Amino acid sequence: MGLSAAAPLWGPPGLLLTIALHPALSLRPAKASAPPHRDYCVLGAGPAGLQMAYFLQRAGRDYAVFERAPEPGSFFTRYPRHRKLISINKRYTGKVNAEFNLRHDWNSLLSHDPRLLFRHYSRAYFPDAGDMVRYLRDFADRLRLHVLYNTTIAHVTLDKDPRAWNGHYFILTDQKGQAYRCSVLLVATGLSVPNQVDFPGSEYAEGYESVSVDPMDFVGQNVLILGRGNSAFETAENIFDVTNFIHMLSRSRVRLSWATHYVGDLRAINNGLLDTYQLKSLDGLLESDLTNLALVKDREGRFHVTLKYLLEETNQTADAITLPQDDNDNFAMRDAYDRVIRCLGWNFDFSIFNKSLRLSSGGEFSKKYPLVKASYESKGSRGLFVLGTASHSVDYRKSAGGFIHGFRYTVRAVHRLLEHRHHGVPWPSTEHPITQLTSSIVRRVNEASGLYQMFTVLADVVLLKEGATAFEYLEEFPMQMLAQLEMITGRSAKHGLFVINMEYGRNFSGPDKDVFFYDRSVGHIEDAWQSNFLHPVIYYYRHLPTGGEVPPRRLAPASAHSHPPHRGGFPDRLDGPSGAHSTSEALPGELLRHRFAKLLCRVLFPVRPNAPEAAALLPAGVPENAGACGQRAPSSARSRERAPAGLCRCGQAPEGQHPAA
């Protein structure tokens, strides 16, 4: 507030001095105060937002989480509608190794507190969503995370300022008009906007987000469900024992998660309708593009499916519109429906973000997900990162980045990137003598949950020291950012590097694949390049690749089966009961018993000789032709499928030369 220069200064002695000294009573016009500042602002107190808050708090950073609901995890207070999660809660593994057990715990967030493991919150293999709400509430409370509840961020824009970390600040405005300013914006709001397809009559469809969950509301009804994901089958599972029949309509065929290895595809817990369909019990699955169809409501309030072009060619009343069954009595959807339910998934809510942030390109895929790089940073705004489910565009239908058991690790990777970029803290690493290379790799492949869950996306990186006498080990680095490793991590990669990744066989997954074929297991090292199940793959680079986000060249695939050749395959371990595996299994060669030179031979030499970035790394004392020989014949089932010519190379060490142990 300001004062007029002519205002009388009545009052006790000293008032004039008080007015002159008090900054709020300046004679100059008052300037609006800057909004409260935080180095890091996190939008959303769901699993991804809380996970990032944990890492920021442990690092002692200045941050705040903004949550519109009165408690964390508000998504799970409503969804899934029928309350059963499809994320597994395997409480017993026979192991005490906490890292290994996280491979089979798909709900816990990462923390130092063993009380905050989800197995303490539910005994169910597929828990109730209410247990997740309770878990997230305890996670935020016990760790004293800084969350501003009942704070809805209504608008986000940029304020350019050369003094800011990224050349601009992010200005957030809440529902009361209160503004907040931050240097880095971390968006963890998930996908919250129901996906809708616009076609004539689409307004008659009830949404998954609002349809009744009481089966008694569907007794004796004909039901049409639009969609073919878990929400569609979850809805069908709830009512198919009381309906006359359920028809499920989608433009794509059913994708079963055990065939595609993608946890977002249809899970067995929801697929009861497949039984009733294939065993001829009235229910049915149909394929058609919804945009080619139309819904017509008759006088009795029931719904008929017709073709869109038939509707567009006539101006008749609804009861007189031509239906496909008028000309074809074999039309699958000739019966009228009492209910039509839309279960078409979710999209990201772009509405609060100013266009200057350039989160969407307007393309079809970017309507569902924001545009982000492989580092999870926005392509349009430096310093804006997308976390959790909303970041799934990086590995959509490829890995688990859209789910808690995957994005808890990608959030940690983002935090490590931020620690180096803004605080000079290098990516965590450990340094070891070269003799421990084998044991370090095998231990991680046997135990690490981040590699196991974020296969093909996050990889461990071994940075060799000069002369290959020692190495640095970095965990869970985004593979697609390998070209920028030194800038992101603060580590040097001048002397060569190994990249350890987990992959499925390239021809093993897909909705049309027979993943139970007879000889699906690979049991011999010479067949490792044809491995099907999730297995470790080691890449080698003499130098970091140049250019943009490029994947490394695959040098030496290795099966992840830990048992003698059989028809099944168990992808959890590389070592056998004695602590090591035989030479016919697992990685190329017996890593726990072979000398380091033989490991290098099997990793580096099975490579196409003219590969430009595959020059052999030969530490001092390791001859070029060192390595194991005497390879056995391939398995009979694969005798006609030999490795590509020139893939393998092997030889004896020259007389008098001994590889390093």
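Modeller: Let's start with burial: a residue is buried under 20% relative accessible area, exposed over 50%, and partly exposed in between, using a 1.4 Å probe and protein chains only. This is a predicted model, so to speak of local features we need pLDDT of at least 70, side-chain atom pairs count only at pLDDT 80 or more, and totals for chains, interfaces and linings use all residues. Residues are numbered from 1 along each chain as its sequence is written, and side-chain values use heavy atoms, with hydrogens and water left out.

Biologist: Is arginine 83 buried, exposed or partly exposed?

Modeller: Arginine 83 has a relative accessible area of 21%, so it is partly exposed. Arginine 83 sits in the loop between β2 and α3. Those labels are DSSP runs numbered from the N terminus: helices are H or I with at least four residues, strands are E with at least two.

Biologist: What is the phi of arginine 83?

Modeller: Positive, about 75°, although arginine 83 is not a glycine. Asparagine 150 is another non-glycine with a positive phi, about 55°. Asparagine 150 belongs to the loop between β3 (147-148) and β4 (153-160). With 46% relative accessibility, asparagine 150 is partly exposed.

Biologist: Which residues does the cis peptide bond join?

Modeller: Tyrosine 79 and proline 80, with omega about -5°. Proline 80 is in the loop between β2 and α3.

Biologist: How much of the protein chain do buried residues make up?

Modeller: They account for 52% of its 661 residues. The chain has 13 helices and 22 strands. Accessible areas come from the Shrake-Rupley method with a 1.4 Å probe, and for residues only the protein chains shown count as cover. The chain's accessible surface is about 30,700 Å², and carbon and sulfur atoms hold 51% of that.

Biologist: And contacts along the chain?

Modeller: A contact means heavy atoms within 4.5 Å. Take the contacts between residues at least 6 apart in sequence: 67% of them join residues at least 24 apart.

Biologist: How many of the residues of helix α5 are buried?

Modeller: Nine of the ten in α5 (residues 230-239), so the helix is mostly covered. Among them are Phe233, Thr235 and Ile239. What covers the buried residues includes strands β9 (222-226), β10 (245-250), β11 (284-287) and β14 (339-342), and helix α7 (272-278).

Biologist: At what angle do α2 and α4 pack?

Modeller: Axes are lines fitted to C-alpha atoms, for helices over the stretch in contact, and angles between N-to-C directions run from 0 to 180 degrees. Under 35 degrees counts as roughly parallel, over 145 as roughly antiparallel, 65 to 115 as roughly perpendicular, and the rest as oblique. Helix α2 (residues 47-58) and helix α4 (residues 129-142) pack at about 20°, with axes 11 Å apart. The two are therefore roughly parallel.

Biologist: Which residues in α2 and α4 meet?

Modeller: From α2, Pro47, Leu50 and Tyr54; from α4, Leu136, Phe139 and Ala140. By class, that is six nonpolar, no polar and no charged residues. For classes, Ala, Val, Leu, Ile, Met, Phe, Trp, Tyr, Cys and Pro are nonpolar, Asp, Glu, Lys and Arg are charged, and the others, Gly among them, are polar.

Biologist: Where is tyrosine 63 found?

Modeller: In strand β2 (residues 63-66). Its relative accessible area is 2%, so tyrosine 63 is buried. Leaving aside neighbours within four places in sequence, tyrosine 63 has contacts including Tyr40, Leu56 and His146. Tyrosine 63 and valine 42 are 21 residues apart in sequence, with their C-alpha atoms 7.5 Å apart.

Biologist: What is arginine 444 in contact with?

Modeller: Setting aside neighbours within four places in sequence, its contacts include Glu99, Asp460, Glu475 and Glu476. Arginine 444 is in helix α10 and counts as buried at 4% relative accessibility. Leucine 437 also lies in α10 (residues 437-447), and at 1% relative accessibility leucine 437 is buried.

Biologist: What does leucine 117 touch?

Modeller: Not counting residues up to four places away in sequence, Asp105, Ser108 and Tyr135. Leucine 117 is in the loop between α3 (98-101) and α4, and at 23% relative accessibility leucine 117 counts as partly exposed.
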